[in-house]
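Visitor: I am new here. Please walk me through a few details, one at a time.

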Amino acid sequence: MELNTPLTEFPGVGPARSKKLGKLGLFQAGDLLTYYPRAYEDRRRVCSITAAPEDAEVCVEVLVAETPRVSYIRKGLELTKVKVADAAAVMTVTFFNQSYLRTSLKVGKEYVFFGRVERVGGQYRMTNPVVEKADRRSVTGCILPVYPLTAGVSNAMLVGFTRKAVEACAPLVEDVLPESLRVAHQLMPRAEALRDVHFPEDFEALEDAARRLSFEETFCFALGLALLRRRRDGGVAPVLGGGSETEFLNLLPFPPTAAQRRAMAELAADVKSGRPMNRLLQGDVGSGKTAVAAYAAFLACKSGAQAAMMAPTEILAEQHFRSLTALLAPAGVEVALLTASRSAVEKRAVKEGLRSGAISFVVGTHALLSEGVEFANLAMVVTDEQHRFGVTQRAALAEKANREEETPHILVMSATPIPRTLALILYGDLDVSVLDELPPGRTPIETYLIGEDKRQRMYNFVRKLTGEGRQAYIVCPAVEENEEAEGTQDLKAVTVYAGELQKKVFPDLRVAFLHGKMKGKDKDAVMSAFAAGEIDVLVATTVVEVGVDVPNAALMVIENAERFGLSQLHQLRGRVGRGEHQSYCILMSATRSEESRARLKALRDTSDGFKIAEEDLKLRGPGDFFGARQHGLPAMKLVGQSLDMRLLKEAQTAAEELLRGDPELTKAEHAPLRRRVEALFRDQSERLN
Ligand code: ADP
Ligand code: MG
């Protein structure tokens with residue numbers, strides 16, 4: 001077996017099953033090695049029947065004492081009963097619907113039964129245990145890995161495949177970490193780590209393995225970003241000397257906040273330096289990032305160059321197009337719009353204008369990246385809601401610049417507050433400006449945390465606000481990827497819940513729903529109708545999280561609030577309070593967990609996104625920041641609990657040190673590392689399409 005041996009060569013994998021495995025990202029033997037368990041079950045404890053505790057599952061080693069008997073109870077229910085014995089006791093074992101055991105369990109042979117031993121009136125019993133032959137154990141007597149699954153792929157199957165793959169292939173994997181580094185940071189060799197992360201002898205071994213793998217991921221990631229940065233810093237960019245700050249401030253309908261002014265000054269200094277700007281503009285929802293972005297575009301256009309701004313959805317692009325047109329037209333800067341849904345004629349006209357240089361500022365979606373989009377003189381690239389775009393997409397737009405020697409300036413905006421410590425890692429290739437202040441005059445959003453007993457009052461409140469002409473969001477937990485069965489349930493939850501609300505609770509209101517599995521066009525249609533005030537109550541998953549501005553929406557209700565991360569809840573809350581109306585956020589939760597309640601109370605009592613993010617990081621650890629969130633940077637496959645800030649920083653510092661000695665990774669001993677880092681960023685660009 002090789003790393004690239006296709007899984008179709010594994011026993012029992014035909015076309016149907018290989019498709020299912022493909023859904024999990026598993027195609028070749030090598031893929032199994034980095035398909036990490038999501039949990040572990042300790043099945044090591046062995047007891048005699050009489051010594052087994054009643055409150056835990058254990059392995060008992062027994063002989064089968066008689067031929068199993070099968071009895072048919074009713075349709076869909078067959079019982080298989082068998083007597084087994086060890087040196088001191090006899091036990092009756094019952095299986096539901098596993099009548100094949102009648103022939104596979106052989107009298108007089110040794111087996112391991114893993115389950116809970118019950119004592120009923122002096123008799124020993126076990127129900128539905130895991131059974132294996134004593135001489136061919138694979139899922140008992142060990143710490144069993146538990147993998148993320150999909151319909152048609154069982155854990156036992158993955159355990160079997162992974163065991164084979166690890167035995168045959170783990171030693172074939174190149175160790176990208178140089179030995180000196182491994183020694184210095186006490187990290188085990190990669191082959192060992194891959195074995196132990198799946199099949200650890202004990203939990204200490206597991207922890208060491210996870211630590212080694214997480215270190216490697218972070219380390220390579222940090223190297224990659226540092227290399228990107230070096231390359232850019234070495235580049236030359238156009239000097240944007242045109243456009244005065246005073247002229248721009250005169251265009252703004254409001255005085256900028258101190259934070260906006262600071263960010264504007266920072267970016268103005270960047271674009272005059274002759275070196276490419278690579279700046280992240282972080283600011284809470286509503287902090288006024290658009291005005292800063294407009295300034296960047298303004299400086300480019302006033303210097304006789306072009307600017308492009310990319311938004312993740314059509315609605316957002318259109319929204320920016322409208323507000324930026326209004327803002328910049330008086331200064332003679334015309335704005336064009338390019339999205340997939342514009343007519344062929346319109347698209348052609350925009351493309352021509354960009355190629356000839358007649359259009360100086362274009363706002364659009366991914367369509368900006370499509371073929372045939374060429375710029376005469378692109379000097380400024382702005383991406384909004386950066387976590388939706390990857391590093392490589394930013395780069396792709398910059399590459400359109402079509403300049404001989406020069407690279408354009410890049411400004412990326414994100415409304416996801418990320419604690420500084422993490423930002424250093426996630427955005428290691430960027431300088432950061434922070435808008436840590438909201439424009440004055442905002443009425444804070446009133447946030448409430450309530451239980452099921454007040455559901456009726458919540459409905460009454462929805463009715464009251466919609467009666468006043470406002471609109472409301474009701475958000476339900478999102479559909480998890482890779483969890484088909486549960487996913488469809490949740491998905492149904494949105495549509496069914498919306499249906500019920502419409503029928504039973506708000507028959508006189510206009511209720512609609514929105515979820516991630518809908519077609520892009522349908523989603524946009526619903527969102528536009530909501531923005532136009534044609535929907536009163538929008539029941540949605542977290543797809544409403546990003547960007548859209550509906551000033552008339554004044555109420556955000558979040559169902560099962562305990563199921564969301566704090567930062568995510570904060571993002572959702574930011575969907576309201578965007579107009580002049582007093583706005584409200586109601587967190588519905590029936591949770592009794594002290595910890596969950598503490599989290600939700602923290603959200604209720606704070607409106608500062610950065611504080612909330614710090615709290616989130618403290619409570620849930622950095623794994624969630626990298627994992628659950630779409631940060632748009634190359635995916636890190638971090639292993640469970642092992643990840644703490646200390647390890648992240650250690651890896652980050654180690655990466656900096658290594659680059660100091662070998663800035664381009666050209667030393668022979670760093671060749672595997674270099675290949676790995678390049679692959680990390682290359683894969684990402686493929687995945688994004
Ligand atoms: P975000 O950072 O979420 O993208 P926007 O740029 O959309 O925020 O700004 C949110 C709202 O605040 C907009 O309606 C914008 O016109 C307004 N705004 C921005 N800056 C200021 C300011 N300095 N004073 C008053 N209103 C502002
Ligand atoms: Mg915005």
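**Rings and a helix**

Visitor: Is Tyr-473 buried or exposed?
Guide: This is a predicted model. Buried means under 20% relative accessible area. Tyr-473 has 1% relative accessibility, so Tyr-473 counts as buried.

Visitor: What kind of aromatic pair do Tyr-459 and Phe-506 form?
Guide: A search of the whole structure finds ten aromatic pairs. In the pair of Tyr-459 and Phe-506, the centres are 5.8 Å apart. Planes over 60 degrees apart count as edge-to-face. Here the angle between the planes is 90°, and the pair is edge-to-face.

Visitor: How many residues apart are Tyr-459 and Phe-506?
Guide: Tyr-459 lies in helix H15. Phe-506 lies in the loop between helix H16 and strand S20. The pair links distant parts of the chain, and the separation is 47 residues.

Visitor: Where does the charged end of Arg-163 sit?
Guide: Its distance from the centre of a ring is 4.4 Å. The charged end sits over the ring of Phe-199.

Visitor: Which residues form one aromatic cluster?
Guide: Rings pair if their centres lie within 6.5 Å. One aromatic cluster is made up of Phe-248, Tyr-295 and Phe-298.

Visitor: How far apart are the end C-alpha atoms of helix H22?
Guide: Helix H22 covers residues 645-661, which is 17 residues. At 1.5 Å a residue, the helix should span 24 Å. The distance between its end C-alpha atoms agrees with that: 25 Å.

Conventions. Residues are numbered from 1 along each chain as its sequence is written. Chains are lettered from A and ligands numbered from 1 in the order in which they are written. This is a predicted model: local features need pLDDT of at least 70, side-chain atom pairs count only at pLDDT 80 or more; totals for chains, interfaces and linings use all residues. Side-chain values use heavy atoms; hydrogens and water are left out. Helices (H or I, at least four residues) and strands (E, at least two) are DSSP runs, numbered from the N terminus. The expected span of a helix is 1.5 Å times one less than its number of residues. Rings of Phe, Tyr and Trp (its six-membered ring) pair if their centres lie within 6.5 Å; planes under 30 degrees apart count as stacked, over 60 as edge-to-face and the rest as tilted. Buried means under 20% relative accessible area, exposed over 50%, partly exposed in between (1.4 Å probe, protein chains only). A charge sits over a ring if NZ of Lys or CZ of Arg is within 6 Å of the ring centre and within 35 degrees of the ring normal.
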